[in-house]
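Thanks, everyone. I have one structure to go through today, so let me put it on the screen.

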Amino acid sequence: MIAALFITAAVPFLQQTRIVKIRQIPGDSVLVVSAEAGAWAGDSPENLTLIKGTENFFLTDGLKTESGWIFSTCGSGLLFIGENSFERWGFAKMGPFRQYCASLTFFENRIFASFADGLCEVTGNSIKPVRFFESGRKSYALSMSEYRDKLAVSCMAGIFALTENGVDDLLFPDSFSLNKPVHFLSDSIAAGSNSAFWIHDGSEWILIDKVNFVNCFYSDSVFVYLGAFDGITIYDRSSLKKIFSLGSCPVLSILKHRGRWLFGTAGGLYADSLVFSRSDFSSSVNSYVQYPHPFIMPPFPRGYNNMPDQTYLFSSTFGGKLRVHKGIDFNNPGGTPVLAGGDGIVVSSGTSSNGANYVTVRYFLHREEHGAVFLYTHFREASCLKPGDTVSLGDTLGLIGHTGRATNDHLHLEARTQRGFSSASVNPSIWLLPAEGTGAVSGRITQNGFFSPGLRIYGFYKPGLNETPFLYAETYSAETESDPELGENFFIDGILPGFYRVELKKDNFVIDFFIVEVKEGKISWIERDVGN
C-alpha cells in the first residue's frame, strides 16, 4: 500500500511556486494555495481553476466559507472573495498590526486568524483580538489546530490551548524553535519543531522521533504522515512506530483526496509522486568562496525571529509592487529589544523626515576602508543614544516599532559603505552571522557581460517562518550595489545544505537552469552569462 503512494508525476502548471496549503473543501473538491501563483480549486489536481484576484498577493492560507473564500496574506492583510465580490482588509481596515497572517482555521463554527501581531477571531465585518495573545512572544501566532474541544495555538513563545475560560500553557519543551506546526490526533496533539516530532498526551510531551524541520502533518484512520525538509515519514497511528521514510524534497502540506495523494512542496504541487532527481544537467555549480567580512551578531535575543522577511529581501521590489528595498526587514513583536551586533560607535541617531526613529552604528571589527555603517530603524521611540556614544555587543539600541514608512512592527536594517564622496547600500545579510546549520549562495549573473537587474532565482529551500515564505531572490537593481569585497549581484543565505535544481527566470520565462550544492557555513558561488 505504501509503495503505491509514489507512482506518477508533478502537476505541471503549479511548478516553481511554493505550495503553502492544500485543503479539502465542501463538494469533495480541493483548495491549493500557492505563495506566489494564487489559489486554485477543483475536483482534481489536473482540473484546478484560479480563484481570480488571489494571483496579485503573496498567500499563506485559505478557507471556503458559506459566502465565498477567505485568504490570509503576507503583508496585505485578509482577502474576502465572493462570487461577484472582492474585499481586502488591509492597512486601512486593520492598521499596521495585522498585515502578516500565517494561518486560518475553523473552530466551533468561528474563524480564527493567526498574525505576526496576535491571534484574532474574524466575525462578520470586524476582527476581534484574543487578549492573551496581544503582547511579547505570545503575540507571534503561527499554526493552529483543534485539540480536545480547545484550539491549540503555536506561537513564538510556545504552544497554548485556548479554552472558554482562558488559555492553558502546554509547556512545549522546544519553545525556541520558531515554527511549530500542530495537528489534532485522536485525543492528543502532534507538534513539530526544527529537530523533532512530539505528542502531547494530555499531561506531558512525549518525544516520538528526531526529524529535520517539521513542516506539516496529515492523518487517516491508519497512519500519521509527517512532511519535513527531508520528505515524508509515515507512522502507525496507534503505536506511532515509524514505518517508512522517503527522502526527496521539502514537503509543506499533505492531503489525501479521492484516493490520491497531493503534496505541496517548496517547488510546486505533486500528485501521488514525490520523486526528485538531480538528473544529468549539462552544468552543475560546486565552487565556493569565503565570507568576506568579520560577522556582526543578529539583532535579536534567542527565541525571537532573526530571519529576515523572505518576500522583501535586499534589492527586491516585492514582485514589482514596491520600491527597491535597500535593506532587510525582521518581523518581531512590538517592543522587542534590538541589540548591537558588536562593539562600535554611534554615528547618528534621531528621527528621519518621514518620522522613523533610527540609530546608525559603525562596528570596530571592520576595516575603515571597507567598513560599513549599519542603520537600524522604525524604533518605537527616539533612541537615547547620541553620535559619539560607544556601544557593546548585546546593548539595546532601541525597541521595535512601526514609526515612519512602515506597515507593521519590524526592524529595517541597512548596510552602507563609503564609495568616494557618497555611500552605497549593500546587502547587510553578507555581514550578519549565518544561522547555524545553513549555507549561502551568491555570484554574478550577467546578460551579454553586463549585470541585469530583476532576474529571479528560484529553487532554494529555507525553513523560515511561514508568514513570510521564501519564494525567490532577485538580481540587484541599479539603486543598490555589490559588496565591496564580494562583488556579487545576488545573495541568498539561510539555505539548508543539500542539492538544488535552480532556475533563472526573466519575465516569468525560464532562461537557464542548473544544479547547486549548498554546504553549511560556505557560500556556493555562481557565475553565469545568459546572453539574450
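I will take a sheet, then the nonpolar cores, then the cysteines.

This is a predicted model, in which local features need pLDDT of at least 70, side-chain atom pairs count only at pLDDT 80 or more, and totals for chains, interfaces and linings use all residues. Residues are numbered from 1 along each chain as its sequence is written, and side-chain values use heavy atoms, with hydrogens and water left out.

The sheet is open and has four strands, in the order 14-15-16-17, with antiparallel pairing. Strands here are DSSP runs of E, at least two residues, numbered from the N terminus; two of them pair if DSSP finds at least two bridges between them. Strand 14 (141-147) and strand 17 (166-169) are the edges, each pairing on one side only. Strand 16, residues 158-163, is joined to strand 17 by four bridges. L162 has V167 in strand 17 as its bridge partner.

Next, the cores. A nonpolar core is a set of buried Ala, Val, Leu, Ile, Met, Phe, Trp, Tyr and Cys residues joined through side-chain atoms within 4.5 Å; buried means under 20% relative accessible area, with a 1.4 Å probe and protein chains only. The largest core has 63 residues, and F71, F374, Y376 and L397 touch the most other members. Strand 35 (residues 372-379) gives the most to this core, four residues. Another core, of 25 residues, lies apart from it and includes I457 and F460.

For C74, the nearest cysteine sulfur, that of C101, is 10 Å away.

How values were computed. Buried means under 20% relative accessible area, exposed over 50%, partly exposed in between (1.4 Å probe, protein chains only). A disulfide is a pair of cysteine sulfur atoms within 2.5 Å.
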